[in-house]
Amino acid sequence: MTPPEAPATGPEGRDPGTAPAVSVCPAPGVVKPVITVLRKRADFLRAASAQRMSAPGFLVQARKRGDSDGAPADVIRVGFTCSKKLGNAVARNRAKRRLREVARLGLPSLGLPGWDYVLVGRPEATATRDFAALQADLARAITDLHAGRSLKPRPLGEVPKGRRRGK
């Protein structure tokens, strides 16, 4: 048995005279913002004391970064929080996966560079709400935040008492 004949290819690896299939380069003038993930507790605490907007599926906390934060001004940073109120580890991880995907799809077009966003999961809502509704919630929440229609920020210095912080 003989192997089939290999097609003739040009110096670029395709048939002579054919155009490339698809360009993966962005169109000229279109710059996609870089999105990084918040990892440090201090960044989450700063976002918690800034603007917030409630949505049926989650809570969005947002703050404009200053020059002293160390992150580049052209980067959007996002964090995800799901407390034990959401349920066991399986439920929390499912809620965080959904929040990550909503942010991945929505933040490049809705978020502003130089801002930090934290998405906080809600019990009985984040993991069970329709995904299209979650996307609409994010779009409405971020547009309202940037339009100045956010909830009052939490006062600085006020730490909510929890189970381990004294009763």
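Reader: In what order do the elements run from the N terminus on?
Author: From the N terminus, the order in the protein chain is β-α-β-β-β-α-β-α. That comes to three helices and five strands. Helices (H or I, at least four residues) and strands (E, at least two) are DSSP runs, numbered from the N terminus.

Reader: What sort of model is this, and how are residues numbered?
Author: This is a predicted model, with residues numbered from 1 along each chain as its sequence is written. Local features need pLDDT of at least 70 and side-chain atom pairs count only at pLDDT 80 or more, while totals for chains, interfaces and linings use all residues; side-chain values use heavy atoms, with hydrogens and water left out.

Reader: How do H2 and H3 pack?
Author: Helix H2 (residues 89-110) and helix H3 (residues 131-146) pack at an angle of about 45 degrees, and their axes are 10 Å apart. Axes are lines fitted to C-alpha atoms, for helices over the stretch in contact, and angles run from 0 to 180 degrees between N-to-C directions. H2 and H3 are therefore oblique to each other. For the cut-offs, angles under 35 degrees count as roughly parallel, over 145 as roughly antiparallel, 65 to 115 as roughly perpendicular, and the rest as oblique.

Reader: Which residues make that contact?
Author: On the H2 side they include Arg98, Glu101, Leu105 and Leu110, and on the H3 side Phe131, Leu134, Ile142 and His146 are among them. Contact means heavy atoms within 4.5 Å. By class, the contact has 10 nonpolar, four polar and two charged residues. Here Ala, Val, Leu, Ile, Met, Phe, Trp, Tyr, Cys and Pro count as nonpolar, Asp, Glu, Lys and Arg as charged, and the others, Gly among them, as polar.

Reader: On to the core. Which residues of the largest nonpolar core touch the most other members?
Author: Of its 23 residues, those are Phe58, Val60, Val78, Leu107, Tyr117, Leu119 and Leu138. Strand E3 (58-64), strand E4 (75-81), H2, strand E5 (115-121) and H3 each supply at least two residues of this core. A nonpolar core is a set of buried Ala, Val, Leu, Ile, Met, Phe, Trp, Tyr and Cys residues joined through side-chain atoms within 4.5 Å.

Reader: And what does Val60 touch?
Author: Leaving out residues up to four places away in sequence, Val60 touches Gln51, Arg52, Met53, Tyr117, Val118, Leu138, Ala141 and Leu145.

Reader: What about Asp144, buried or exposed?
Author: Asp144, which lies in helix H3, is buried, with a relative accessible area of 13%. Buried means under 20% relative accessible area, exposed over 50%, and partly exposed in between (1.4 Å probe, protein chains only). Beyond its neighbours within four places in sequence, Asp144 is in contact with Met53, Arg149 and Ser150.

Reader: Now the loops. Where is Pro123?
Author: Pro123 is in the loop between E5 and H3, and at 40% relative accessibility Pro123 counts as partly exposed. Pro123 and Gly57 are 66 residues apart in sequence but 8.8 Å apart in space, C-alpha to C-alpha.

Reader: What is the phi of Glu124?
Author: Glu124 has a positive phi of about 65 degrees, although it is not a glycine. Glu124 is also in the loop between E5 and H3, and is exposed, with a relative accessible area of 73%.
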